[in-house]
Amino acid sequence: MAAVNHRGTTVREPAPWVEPPWRHVGHTLVHHGRGGAAGSCEWCQTVRVRDLAKLPKAHLHLHFTGSLRVSSLREMSAEHGMRLPAALTDGVALRVPADERGWFRFQRLYDSARHCVRSEADMRRLVDEAAADDAAEGSGRLEIQVDPTSYAPFVGGITPAVEIVLDEARAASAAHGLEVAVVVAASRMRHPLDARTLARLAARYAGDGPGEVVGFGLSNDERRGDTSEFAHAFRIARRAGLASVPHGGELLGPAHLQEVVGTLAPDRLGHGVRSVEDPALLASLVESGVTLEVCPASNVSLGVYERDDDVPLRTLVDAGAQVALGADDPLLFGSRLVQQYETARTVHGFTDAELADLARASVRGSRASAATKQRLLAGIDDWLSSPSHPAAG
Ligand SMILES: [Zn+2]
């Protein structure tokens, strides 16, 4: 039996073919029970979704300076009399090729921003605003990544630099109602002995709560440095109970990723998207439960993939990978955490139930306490059983 809806389109009568857990009350599609997905109402022809900023989630891939608001960067640069490249403040997402020149351009811009963070007050402001922005996007747990080396000259060394970040992470957690923990990251551009020093420093503050160090990372251009030479630093970190969270599988393919996995024994991988190029490697990551910190906007900005829909998010999830979406460097890539979930929804067709699964994977991949994980997971269930609303547009 056919009927004409309010837009003049002929549709089938609504009630009988609406899949549980949806049902019609008049022309309104009502959600009942748990485990529902975004639904398209055939009667009123609107897609109904839930607010992604209200979806509880954990943010596991965010760099310190890369988290800066453009407005704050402007103020810091003015205060310190530093000139900023237009590309940092024009509000346009960076686009570079995935070669060494592209990375060099990205790194130069990142360094320009980093040079504006040159006091304890700047560092505290950065952590506080990152926490506030994350909380506003539904993040209940932020594990922010910092290499203290660059900020050390302004505050008297790497130890005070780490302590300032941790102290402010504690304060910001209380102020904004989320947990901010810290990943200390070494750089591939520096000597592996520097990485050991950082690992020993990180180990002193190991824990799982707000204002504690939860992991040890390795960042910068994957083409630089000998991965195996950083293994010693990661052993130091692991002995202290820190998670191993190196970058890998972003700029270089499976062979390099295999080396990262074999030598640094990651609990989580920064990116890891290139694992799709080797199904056996991807299967082994799935098998060992490594969480992939996938940052869709970053991948496109850095030319790893040409277009949003080229990011292999669906392939990774279909393979059973634990995927935690992250923003990486919102300052340069032009979008924060919720936008990554929006991209999963609008570009990759993830339903609300699938988006909830991504949020669950982010929480499980975090180093939060069991109690915090349980609370956030319960919040995700509540979100999914809450009423949906018509999608904008
Ligand atoms: Zn990163």
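Predicted model: local features only at pLDDT ≥ 70, side-chain atom pairs only at ≥ 80, totals over all residues.

Q: Why is β10 described as mostly covered?
A: Six of the seven residues of β10 are buried. A residue is buried if 20 or more other C-beta atoms lie within 10 Å of its own.

Q: Why is Arg223 called exposed?
A: Arg223 has 12 other C-beta atoms within 10 Å. The term exposed applies at 12 or fewer, so Arg223 is classed as exposed. Arg223 is found in the loop between β10 (213–219) and α7 (231–239).

Q: What is Arg223 in contact with, leaving aside its neighbours within four places in sequence?
A: The partners of Arg223 are Glu100, Leu251 and Leu252. Contact is assigned when C-beta atoms lie within 7 Å. For Arg223 and Leu252, the C-alpha to C-alpha distance is 7.3 Å, and 29 residues separate the two in sequence.

Q: Why are α6 and α7 called roughly parallel?
A: Helix α6 (residues 192–204) and α7 pack at an angle of about 5°. Angles under 35 degrees count as roughly parallel, and α6 and α7 are therefore given that description. Their axes are 8 Å apart.

Q: Which residues of α6 and α7 meet, and how do they divide by kind?
A: Pro192, Ala195, Arg196, Ala199, Arg200, Ala202 and Ala203 in α6 meet His232, Ala233, Ile236 and Ala237 in α7. These residues divide into eight nonpolar, one polar and two charged.

Q: What is the order of the open sheet of four strands, and why do β12 and β15 stand at the edges?
A: The order is β12-β13-β14-β15, with parallel pairing. β12 (247–248) and β15 (322–325) each have a single partner strand, so one side of each is left without a neighbour in the sheet.

Q: How do you know that β12 and β13 pair?
A: β12 and strand β13 (residues 268–271) share two bridges in the parallel sense. The requirement is at least two bridges, so this pair meets the criterion. Gly248 stands opposite His271 in β13.

Q: How do you know that β13 and β14 pair?
A: Three bridges join β13 to β14, and these strands run parallel. Because at least two bridges are required, the pairing is assigned. The bridge partner of Arg268 in β14 is Thr291.

Q: What makes both faces of strand β14 (residues 291–294) covered?
A: Thr291 and Glu293 on one side of β14 and Leu292 and Val294 on the other are all buried.

Q: Which residues of the largest nonpolar core touch the most other members?
A: Of the 106 residues in this core, they are Val165, Val182, Val184 and Val323. Helix α5 (residues 158–176) contributes the largest share, eight residues. Val323 touches Leu292, Val294, Leu313, Leu316, Val317, Leu358 and Ala361, not counting residues up to four places away in sequence.

Q: What share of the chain counts as buried?
A: Of the 393 residues, 47% count as buried.

Technical notes
Residues numbered from 1 in each chain as written. Core = buried A, V, L, I, M, F, W, Y, C linked by C-beta atoms within 7 Å. Contact = placed C-beta atoms within 7 Å. Axes fitted to C-alpha atoms, helices over the stretch in contact; angles between N-to-C directions. Parallel < 35°, antiparallel > 145°, perpendicular 65-115°, else oblique. Nonpolar A, V, L, I, M, F, W, Y, C, P; charged D, E, K, R; others polar.
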